[in-house]
Amino acid sequence: MRFRSLVVAAEVHSRRFNAPQVPGEFRGLFGDGACAFVLTNRAADTQSNCVRLREFVWGCSGTFASSLSARISQDTGLNIQFKGEQLAHVAVAQLNRIIGTLENLSGEPRSKVDYFAVHQPNPRVVEIFAEKAKIPMERIPLVAKTCGNLGSVTCGASLCQALSCFRASSDHSRTPLIFMGAVAPGLVWGGAFLN
């Protein structure tokens, strides 16, 4: 039996982040972006090499919840607490943990992974993550430089770019191994591997 699933990710600008209620530095922080994929459990052509979605991991860490909070006040409108450096540090550490978990689930070390499609809040955070995780930058399809911060949607956009790069490559004798990971501002996180 053949199944199809539509997977959609969207980053929607909250109506609470409208001017003049929000300080200027936060108005552009969470933008609009979306991506979608159609997944199937079988290829239409049984001869083709299909990339299959394998295992998922997800969770939530409330340890650093105070790094990002918003509350409505009568006097000033929206009061936002945002500790960017602390959030970036936590996101990099959590992404590295996700990659470690995916290594265990897939049975493959990160050195054998073709592409890492990860959440990309900005190019600098991706560089720091790559350095700490010991991943060559050329294995991370960098979309943050051209698309900006689309939230966790950058993970899907990066996956799309990874698949395009693989299709353009000359080696089609195998399917690529791809690790995905995303960390949302509320420190909800998820990951998966494909091959």
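**First selection: glutamate 103**

Select glutamate 103 and display its surroundings: beyond the residues up to four places away in sequence, glutamate 103 touches Glu108, Pro109, Arg110 and Phe179, where contact means heavy atoms within 4.5 Å. This is a predicted model, in which local features need pLDDT of at least 70 and side-chain atom pairs count only at pLDDT 80 or more, while totals for chains, interfaces and linings use all residues. Residues are numbered from 1 along each chain as its sequence is written, and side-chain values use heavy atoms, with hydrogens and water left out.

Glutamate 103 is found in helix 2; helices (H or I, at least four residues) and strands (E, at least two) are DSSP runs, numbered from the N terminus. With a relative accessible area of 18%, glutamate 103 is buried. Buried means under 20% relative accessible area, exposed over 50% and partly exposed in between, using a 1.4 Å probe and protein chains only.

Arginine 110 and glutamate 103 form a salt bridge, with the closest N and O atoms 3.1 Å apart; the term denotes a side-chain nitrogen of Lys or Arg within 4 Å of a carboxyl oxygen of Asp or Glu. Both arginine 110 and glutamate 103 are buried.

How many salt bridges does the structure hold? There are 3.

Select arginine 174 and aspartate 114, whose side chains meet in a salt bridge (2.9 Å, N to O). This pair links distant parts of the chain, 60 residues apart: arginine 174 belongs to the loop between helix 5 (153–168) and strand 7, and aspartate 114 to the loop between helix 2 and strand 6. Arginine 174 counts as partly exposed, at 35% relative accessibility.

Next, select glutamate 127 and arginine 124, where the salt bridge is 3.2 Å, N to O. These two residues are separated by about one helical turn because they stand 3 residues apart in helix 3. Glutamate 127 is partly exposed at 31% relative accessibility, and arginine 124 is partly exposed at 49%.

Keep helix 3 displayed and colour Val125, Val126, Phe129, Ala130 and Ala133, which are buried. Viewed down the axis of helix 3, the buried residues fall within an arc of 140°, so they line one face of the helix; the arc is that of the directions from the helix axis to the C-beta atoms. The face turned away from the buried side carries the exposed residues Glu131 and Lys132.

Move on to lysine 134, in the loop between helix 3 and helix 4 (144–147). Its phi is near 60°, a positive value in a residue other than glycine. Lysine 134 counts as exposed, at 71% relative accessibility.

In soluble globular proteins, nonpolar side chains tend to be buried together. A nonpolar core is here a set of buried Ala, Val, Leu, Ile, Met, Phe, Trp, Tyr and Cys residues joined through side-chain atoms within 4.5 Å. Select Ile98, Phe116, Phe129, Ile140, Phe179 and Val183, which touch the most other members among the 25 residues of the largest nonpolar core. Two or more residues each come from helix 2 (84–106), strand 6 (115–118), helix 3 (123–133), strand 7 (178–183) and strand 8 (188–194). Helix 2 gives the most, with 8 residues.

Centre the view on phenylalanine 179. Leaving aside neighbours within four places in sequence, the contacts of phenylalanine 179 include Ile99, Leu102, Glu103, Phe116 and Phe193.

Select alanine 36, in strand 2 (residues 33–40). Alanine 36 counts as partly exposed, at 48% relative accessibility. Not counting residues up to four places away in sequence, alanine 36 touches Leu6, Val7 and Val8. Valine 8 has its place in strand 1 (residues 4–11) and counts as exposed, at 55% relative accessibility.

**Final view: the whole chain**

From the N terminus on, the elements run β-α-β-β-β-β-α-β-α-α-α-β-β. Buried residues make up 35% of the 195 residues. Among contacts between residues at least 6 apart in sequence, 65% join residues at least 24 apart.
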